[in-house]
Amino acid sequence: MALLPILEFPDPRLRTRAATVDAAQVATPEFQKLLDDMFETMYEAPGIGLAASQVDVHQRFMVIDVSEGKDAPMVFINPEITARDGDQVYQEGCLSVPGIFADVTRANRITVRYLDRQAREQELTTEGLLAVCIQHEMDHLEGKLFVDYLSPLKREMVRKKLAKQRRHAA
């Protein structure tokens with residue numbers, strides 16, 4: 001396995017809309033290795049979700065593990081939310097926007113249809129943190145970031161803060 005570079009805001013590649021994954025591609029050793037590499041990258045970061053778009057692979061899939069023990073890995077390929085209910089506010093962070101957290105309102109309960117790691121069709125109804133994480137990662141597949149939910153002023157402050165962090169890290 002290998003760690004993958006994570007694109008960071010405001011990299012324009014994060015704004016790319018991801019393409020549908022061909023189900024036949026899922027069984028290939030290359031795709032399975034990419035999933036393994038994404039999990040390793042996400043755990044190392046550390047994070048609870050990583051969309052393919054964040055590692056410059058513009059296809060509709062993501063990996064998630066919201067368990068405390070990092071022992072419940074989930075793969076969502078070509079995810080589609082088919083139902084939403086209620087609202088919840090969560091303070092979100094993002095591996096592509098390191099060190100920044102903000103309150104975002106999302107659906108409390110969702111139903112998502114997707115292909116799993118073996119390209120089997122699945123449907124999941126969930127709420128709370130997993131629902132937030134799925135919605136957050138699906139935004140990435142649409143070229144959207146959680147900072148887009150912020151006011152233009154706050155978004156510009158985030159951009160400047162990240163630029164300053166990069167200058168100091170160099």
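## Close-up views of a predicted α/β model

The accessible surface of the protein comes to about 8800 Å², with 52% of that area on carbon and sulfur atoms. Areas come from the Shrake-Rupley method with a 1.4 Å probe; for residues, only the protein chains shown count as cover. This is a predicted model: local features need pLDDT of at least 70, side-chain atom pairs count only at pLDDT 80 or more, and totals for chains, interfaces and linings use all residues. Residues are numbered from 1 along each chain as its sequence is written, and side-chain values use heavy atoms, leaving out hydrogens and water.

**View 1. Overall fold.** The protein has 4 helices and 5 strands. Helices (H or I, at least four residues) and strands (E, at least two) are DSSP runs, numbered from the N terminus. Along the sequence the pattern reads α-α-β-β-β-β-β-α-α. The C-alpha trace spans about 45 × 40 × 30 Å along its principal axes. Among contacts (heavy atoms within 4.5 Å) between residues at least 6 apart in sequence, 66% join residues at least 24 apart.

**View 2. The open sheet.** The 5 strands run in the order β1-β2-β3-β4-β5, with antiparallel pairing. Two strands pair if DSSP finds at least two bridges between them. From one strand to the next, the twist averages 40 degrees.

View 3. Strand β4 (residues 97-115) and β5 pair in the antiparallel sense over 7 bridges. Val112 faces Leu124 of β5 as its opposite residue. Arg109 stands opposite Glu127, also in β5. The hairpin has 5 residues between the strands, and Ala119 takes a positive phi near 65 degrees.

**View 4. Helices against the sheet.** Helix α2 lies across β1, β2 and β3, at about 45 degrees to β2. Helix α3 (residues 128-141) packs on the sheet and touches β1, β2, β3, β4 and β5. The direction of α3 makes about 115 degrees with that of β3. Axes are lines fitted to C-alpha atoms, for helices over the stretch in contact; angles run from 0 to 180 degrees between N-to-C directions.

**View 5. The nonpolar cores.** A nonpolar core is a set of buried Ala, Val, Leu, Ile, Met, Phe, Trp, Tyr and Cys residues joined through side-chain atoms within 4.5 Å. The largest has 19 residues; Phe31, Met38, Leu50, Phe61, Val63 and Ile77 touch the most other members. At least two residues each come from α2 (29-44), β2 (61-64) and β3 (74-94). The largest share, 7 residues, is from α2. A second, separate core of 17 residues includes Ala51, Leu130, Ile134 and Met138.

**View 6. Around Ile77.** Leaving aside residues up to four places away in sequence, Ile77 touches Val21, Val26, Phe31, Arg60, Phe61, Tyr114, Leu115, Asp116 and Arg117.

**View 7. Glu30 at the surface.** Glu30 is found in helix α2. Glu30 is exposed, at 59% relative accessible area. Buried means under 20%, exposed over 50%, partly exposed in between (1.4 Å probe, protein chains only). Across the protein, buried residues make up 45% of the 170. Glu30 and Arg120 are 90 residues apart in sequence and 18 Å apart in space, C-alpha to C-alpha.
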